[in-house]
Amino acid sequence: SGSHAEGRMCAKSMVKYCMDNPDLKPELDTSVEDLVAQIYQPVKTYLEFKDYSTAIDINPHYITPKMLQFRLQKIMDEYVAGVATYYQTNGKMLEVAEEKLGMLKEDAMKMRAKDLHELLRAWENYHRILTAEAHMKHIQFREESRYPGFYYRADYNLVDEENWKCFVNSIYDKETKQWTCFKRKHVDL
């Protein structure tokens with residue numbers, strides 16, 4: 001998928017930036033106390049509601065990381081060009097996916113963690129949701145199909161090299177929780 005190469009390029013860019021700016025003293029935009037509270041919220045949710053029912057995984061006050069992961073997989077598979085739809089999607093299906101991902105993000109705030117392994121899984125899920133949302137936003141933005149092997153947009157079932165032989169990049173604004181997608185030129189090496 002190129003993620004290894006992209007990760008390596010990102011890491012090299014970060015090291016270069018640090019080397020070029022040795023006097024830079026970055027500061028957190030959130031207090032340490034707030035970060036700790038945010039990180040351990042799934043544990044707090046579990047401890048607060050664990051005795052509500054006799055079945056530890058069945059509780060109206062929380063969802064397990066595994067359950068949330070299955071829901072995310074189902075949304076992506078059925079609406080964002082997964083195997084269930086033979087890698088096809090369209091604008092309307094992507095709108096439904098966007099709505100369902102919004103509801104899933106709300107439910108993710110009720111994720112529980114009964115131990116450190118589940119805490120790790122909870123945070124993995126928060127990041128998976130962002131990754132899934134980015135993937136969906138890129139497919140929404142790109143008005144063509146990218147095949148063979150990627151996905152088919154039934155409403156744009158063509159490869160449009162003139163307009164879309166490019167990279168689609170995005171920026172996520174954590175304050176507004178909005179995505180901005182844009183094109184970057186593709187350069188053949």
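Reader: Among contacts in the protein between residues at least 6 apart in sequence, what share joins residues at least 24 apart?
Author: This is a predicted model, where local features need pLDDT of at least 70, side-chain atom pairs count only at pLDDT 80 or more, and totals for chains, interfaces and linings use all residues. Residues are numbered from 1 along each chain as its sequence is written, and side-chain values use heavy atoms, leaving out hydrogens and water. Taking a contact as heavy atoms within 4.5 Å, and looking at pairs at least 6 apart in sequence, the share that joins residues at least 24 apart is 51%.

Reader: Thanks! In what order do the elements run from the N terminus?
Author: The protein has seven helices and four strands, taken as DSSP runs (H or I of at least four residues for helices, E of at least two for strands). From the N terminus on, the order is α-α-α-α-β-α-α-β-α-β-β.

Reader: And what does the C-alpha trace span along its principal axes?
Author: The chain behind that trace has 189 residues. Along the principal axes, the C-alpha trace spans about 60 × 50 × 30 Å.

Reader: How far apart lie the centres of the positive and negative side chains?
Author: Lys and Arg count as positive, Asp and Glu as negative, with His and the chain ends not counted. That gives 27 positive and 30 negative side chains. With each charge placed at NZ of Lys, CZ of Arg, CG of Asp or CD of Glu, the distance between the centres of the two sets is 3 Å.

Technical notes: Buried means under 20% relative accessible area, exposed over 50%, partly exposed in between (1.4 Å probe, protein chains only).
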